[in-house]
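Here's a quick briefing to read alongside the model. Have a look at the overall layout before going into the details.

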Amino acid sequence: MKERGTLYGVGVGPGDPELLSLKAVRILNQVPVIFAAHSSKNNYSLAKEIISPHVPPSTPVVRLDFPMTRSKEELECAWKRNADSILDRLNRGEDAAFVTLGDPMIYSTFGYIMRTIRSAAPDVSIEIVPGISSYQAAAAASGSILAEAEGSFTVISGAMGARKLKEVIDAADSIVMLKVYKNYREILEALEELELKEDSVLVSRCGLEGERIVQSLRGPNGDRPPYLTTLIVRKGRLTK
Ligand SMILES: C[S@@+](CC[C@H](N)C(=O)[O-])C[C@H]1O[C@@H](n2cnc3c(N)ncnc32)[C@H](O)[C@@H]1O
């Protein structure tokens, strides 16, 4: 047996179980244990649901709780506790996978876990299997071209409101915004101010039951969308 196992950070895509890579499926079938992040508020992990058609029912999927909080202290405590649970398995010589929605390197809990594990065990072996990100699936589902020729697109978070959008809008041809749900009203107002509502596409629950695509945000549609919502702003150029 190996002295220490390898941790695989596996991106499982944004929802459709057919959007897992062959490599992801191979690794998930080969590891003896899989870890999946849960919000401590509920008992649900979308990443766990996505992989369920692909993994043997006998493989344990261990729940790791992450609090939905901005408290750095609480978060660091959860990263440490969860990193220790993973390290415990690796130190027994077992490989393990940590599954994450979309891609592990884009707005993912995996980044925090990877850093925490690395600081406790700098020589641990970690391999990352990329996943299809939510914004790639949202662009495909809505037929939105993100970049062509010399164009550029910028990925931002709406978690802190519309400030970032206003900062980057002049420099990019299209913008992708994740985490839009909480500050949706403010973001909508900023799009109105920038005269970009018509050029905006909202994709909710992409690839999942209840998928919704709103092609233009003209009109009064200020209802807060679900957590799994991605906004694409095309600045009128790429599709016309
Ligand atoms: C914590 S981030 C995870 C991003 C993920 N690592 C990725 O690569 O897409 C969560 C945000 O991703 C976006 N998202 C994830 N899955 C989605 C889906 N199925 N449909 C639309 N947006 C989604 C939403 O903006 C959501 O608020």
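The centres of domain 1 and domain 2, taken over C-alpha atoms, sit 27 Å apart. Those two domains cover 6-129 and 134-233 of the protein chain, with bounds from an automatic or database domain assignment. Keep in mind that this is a predicted model: local features need pLDDT of at least 70, side-chain atom pairs count only at pLDDT 80 or more, and totals for chains, interfaces and linings use all residues. Numbering starts from 1 along each chain as its sequence is written.

**Where the domains touch**
- On the domain 1 side 7 residues are in contact with 8 residues of domain 2 (contact: C-beta atoms, placed from the backbone, within 7 Å).
- Domain 1's touching side splits by class into 3 nonpolar, 3 polar and 1 charged residues (Ala, Val, Leu, Ile, Met, Phe, Trp, Tyr, Cys and Pro are nonpolar; Asp, Glu, Lys and Arg are charged; the others, Gly among them, are polar).

**Around the ligand**
- The ligand has 23 residues around it, and Gly102, Ser133, Ser134, Leu178 and Cys206 come nearest (near: C-beta atom, placed from the backbone, within 6 Å).
- Helix H5 (134-142), strand E8 (200-204) and strand E10 (229-233) each give the shell at least two residues (DSSP runs numbered from the N terminus: helices are H or I, at least four residues; strands are E, at least two).
- By class, the shell comes out at 11 nonpolar, 9 polar and 3 charged residues.

**H3 against H4**
- Helix H3 (residues 72-91) and helix H4 (residues 109-120) have axes that come within 9 Å and cross at roughly 70° (axes are lines fitted to C-alpha atoms, for helices over the stretch in contact; angles run from 0 to 180 degrees between N-to-C directions).
- H3 and H4 are therefore roughly perpendicular (65 to 115 degrees).
- Trp79, Lys80, Asn82, Ala83, Ile86 and Leu87 of H3 meet Tyr112, Ile113, Thr116, Ile117 and Ala120 of H4.
- That contact has 8 nonpolar, 2 polar and 1 charged residues.

Conventions: Parallel < 35°, antiparallel > 145°, perpendicular 65-115°, else oblique. Contact = placed C-beta atoms within 7 Å.
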